[in-house]
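Subject: Structure for you to look at

Hi,

Here is the structure I said I would pass on.

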Amino acid sequence: MSETREYVPNVIKAEEMDPKFKYEISKLPGAEKLMLCFQCGTCTADCPISRFNDFYRPRKIARMVQLGLKDRLLSDDALWLCSTCFTCVDHCPQGVEIAGIVRVLRNLTVKERAVMPLVSKELASNILKAGYVYEFPESRLKRREMRGLPPLPKPNLEDVKKIFELTGSSEMLEKAKTFEKVKS
Amino acid sequence: MSELKYLVFLGCVIPYRLASYEISARKVLKKLDVELVEMPEFNCCGFPMDPINHDLMLTLAARNLCLAEKQNLDILTLCNGCFSILNETNKVLAEDKDVREKINGHLSEIGMEFKGTIKVKHLVHVLVEDVGFEKIKDAVKKPLANLRVAQHGGCHIVRPAKHVNHGDDPENPTMLKNLIRLTGAECLDYMDETECCGNPIIGVNEEVPFQMAREKLEHVRAVKAQALITVCPFCHMMYDLNQPRIERAFNEKFGIPVLHYTQLLGLAMGFTPEQLLLNQLRVKPTELVSQIQQ
Ligand code: SF4
Ligand code: SF4
């Protein structure tokens, strides 16, 4: 578990802090309440992911964003461990939506650092090809029919492609490097 | 004539991997006079795209909502993930003018517009709020007396509370428990019932979700439940499909069958295990089936 991860020194240098970061982040949907975090730790205490490793800590993420430690945040793949259970969102006494902040940071990593999990890239390219996250082989569609199930609704691939383009996602996908696993 | 009519949103995972869920759901809903209309067209709800681009997720989801609006039908999902994404998008676009205008800008390019005229419901919400306990009770012909099960409803049909709004208590959800009790089975309490299955991160890390699932299965075993009941394909795969791998990873033996709620209800309605595809489960519910057939 924890011994497989590198030890990152905790001393923060002044030049690491980007004072504007917290304002940029709290403008984005889901992260609006960031500045209300008073570090009570409820989110970390109740986070199921935090229970099973020694480094994914939602409270720490909130503080790091407040301090503007952008580089550390966006280069840490721990960000991809949130399972979006929303326990932290429901329990935070200040109404901070940690899951929303984590999503904002992930989106930013993809946009600015051009990196995403391999699985996300695969799912995205499947959606572009099939409209679904899987490409259904003929045999599976036949089996549906044999079981008396109605045919699967058809995808509208033209629209899907347009949506990827309109939201800047096609370009993001093309550029993005990938990583396979997050060590824990 | 059926009064309850929904556009059924199957999602991707159920038709690809869990025919047992789809088939049992269609069977029990038909018995309850719920009419399902198929989606005229489909694209992924957007759930797996939220981590990489929130606007992509919102637009993919909104496109599905527009299709439902055109038919003037509420959406019924069988998947917690689809429910969560479609419901969140439906709420956020209705309430936040800026987001709505932005997403409608994208949608106008494909000849669509979000209006906010329909609702999104998960199977559990439809059964509790629209079908009602009386009707379900009447449809139970073979009560599953002496059966003791536990439930895992999953996160996204109760959390985050600010979006879900179906009256169930996220700290102590009772909707699925009450639905289980209608089948005649006993629904047991166990430790940490509301804990997440962990499946959303399995693509980047298996160790953490496996430990979470192991703990869940231990808690379920501790109360001697004969089966775990789920209402989401992701939770189901975590505990059923992955159970043998979890057993190997921790050198444990659980052997806990994981049934879709619709299979449990189907059995209580008198459908056979074969009709409900119980044989498709990874962990075979052999004991449970023979107890029911006695
Ligand atoms: S629960 Fe809320 S206020 Fe407390 S540390 Fe977490 S985000 Fe901050
Ligand atoms: S949503 Fe993410 S950060 Fe929040 S409690 Fe769940 S796993 Fe932890």
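Predicted model: local features only at pLDDT ≥ 70, side-chain atom pairs only at ≥ 80, totals over all residues.

Residues are numbered from 1 along each chain as its sequence is written, chains are lettered from A and ligands numbered from 1 in the order in which they are written, and side-chain values use heavy atoms, with hydrogens and water left out.

**Chain A**

Chain A has 10 helices and two strands (DSSP runs numbered from the N terminus: H or I of at least four residues for helices, E of at least two for strands). Along the sequence the order is α-α-α-α-α-α-β-α-α-α-α-β. Its C-alpha atoms fill a box of roughly 60 × 35 × 30 Å along the principal axes. Of the 184 residues in chain A, 48% are buried (under 20% relative accessible area; exposed is over 50% and partly exposed lies in between, with a 1.4 Å probe and protein chains only). Take the chain A contacts (heavy atoms within 4.5 Å) between residues at least 6 apart in sequence: 72% of them join residues at least 24 apart.

**Ligands**

Ligand 1 is surrounded by 13 residues, and the closest are A:Cys37, A:Cys40, A:Gly41, A:Cys43 and A:Cys92 (near means a heavy atom within 4 Å). This shell splits into eight nonpolar, four polar and one charged residue (nonpolar is Ala, Val, Leu, Ile, Met, Phe, Trp, Tyr, Cys and Pro; charged is Asp, Glu, Lys and Arg; the others, Gly among them, are polar). Ligand 2 also has 13 residues around it, with A:Cys47, A:Tyr56, A:Cys82, A:Cys85 and A:Cys88 coming nearest. Here the shell holds 10 nonpolar, three polar and no charged residues.

**Rings**

Over all chains there are seven aromatic pairs (Phe, Tyr or Trp rings, the six-membered one for Trp, with centres within 6.5 Å; planes under 30 degrees apart are stacked, over 60 edge-to-face, the rest tilted). A:Trp80 and A:Phe179 are edge-to-face, because their centres are 6.1 Å apart and their planes at 65 degrees. That pair links A:Trp80, in the loop between α4 (70-74) and α5 (87-91) of chain A, to A:Phe179 in strand β2 (residues 177-179), 99 residues apart. Both residues are buried. In chain B, B:Phe47 and B:Phe234 make a tilted pair, 6.0 Å centre to centre with 40 degrees between the planes.

One aromatic cluster contains A:Tyr132, A:Tyr134, A:Phe136, B:Phe9, B:Tyr16 and B:Phe42. The charged end of A:Arg140 sits over the ring of B:Tyr16, 3.9 Å from its centre (NZ of Lys or CZ of Arg within 6 Å of the ring centre and within 35 degrees of the ring normal).

**Cores**

The largest nonpolar core has 150 residues, and A:Leu105 and B:Tyr261 have the most contacts inside it (buried Ala, Val, Leu, Ile, Met, Phe, Trp, Tyr and Cys joined through side-chain atoms within 4.5 Å). Its largest share, 10 residues, comes from α3(B). Another core of 19 residues lies apart from it, including B:Ile202 and B:Val258.

Cheers
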